[in-house]
Number of protein chains: 2
Amino acid sequence: MIRHTVAFKLRHEAGSAAEKDFLSKGAELAAIPGVTKFEITRQVSAKNPYSFGISMEFADQAAYDGYNNHPDHVAFVRDRWLVEVEDFLEADFAAL
Amino acid sequence: MIRHTVAFKLRHEAGSAAEKDFLSKGAELAAIPGVTKFEITRQVSAKNPYSFGISMEFADQAAYDGYNNHPDHVAFVRDRWLVEVEDFLEADFAAL
């Protein structure tokens, strides 16, 4: 199992319609084959600059690769993520 | 629910006895009251500088505070974390 996580901050104003639309569109990534335990959450610690988190799990690297290369993911990154995200950090976790 | 996460990198050499001992001692934090879904994992993305992750969940802020102030946590931070951890990032996640 690999847990893929991204903490991020949007260019949009907190509580704005643009923020809501981004989060709603991001939630559609859950439908890509291989994605399990998909969550979008609020990042609530003051010890980092991020406002939100996305977390999902893949059974193995092949499933993760399938997600990364899926046209819906590629389009989301190109059309929304690179445009609307101000800062982010990816981290992936697997069993010790 | 609040998910408390820390990604971190140790001063120890990868695979060393000192690394193993730190991870073993860290795993004892799971016994502190209020801690649920405790995990220590390997951080496997090349997109950040961290080698490991700790994740746990608390029912609410009171449980989180109880963990933070628990003498076993305070002692671990003082005696091990501040001495053996080279770099880390905390992030906490709650429902949108």
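Modeller: Let us begin with a single pair of residues in this predicted model. A:Arg42 stands opposite B:Ala94, a residue in strand 4 of chain B.

Colleague: How is the size of an interface given?

Modeller: The size is often expressed as the accessible area that is lost when the parts come together. Here, chain A and chain B bury about 2,000 Å² between them, with 60% of it on carbon and sulfur atoms. On the chain B side, B:Glu90, B:Phe93 and B:Leu96 lose the most area to chain A; together they account for 27% of what that side buries. As for contacts, 23 residues of chain B touch 23 residues of chain A.

Colleague: How many salt bridges and polar contacts are there between chain B and chain A?

Modeller: There are four salt bridges between the two chains. In one salt bridge, the side chains of A:Glu39 and B:Arg3 meet at 2.8 Å, N to O. Twelve residue pairs are in polar contact between chain B and chain A.

Colleague: Which strands of chain B each supply at least two residues of the side that touches chain A?

Modeller: They are strand 1 (2–10), strand 2 (36–43), strand 3 (52–58) and strand 4 (85–95). The largest share, seven residues, comes from strand 4 of chain B. By class, the side of chain B that touches chain A has twelve nonpolar, five polar and six charged residues.

Technical notes. Residues numbered from 1 in each chain as written. Chains lettered and ligands numbered in written order. Predicted model: local features only at pLDDT ≥ 70, side-chain atom pairs only at ≥ 80, totals over all residues. Heavy atoms only, no water. Contact = heavy atoms within 4.5 Å. Buried area = accessible area lost by both parts, 1.4 Å probe. Polar contact = N/O pair within 3.5 Å; in protein donor to acceptor, adjacent residues only side chain to side chain. Helix = DSSP H or I, 4+ residues; strand = E, 2+ residues; numbered from the N terminus. Nonpolar A, V, L, I, M, F, W, Y, C, P; charged D, E, K, R; others polar. Pairing = 2+ DSSP bridges.
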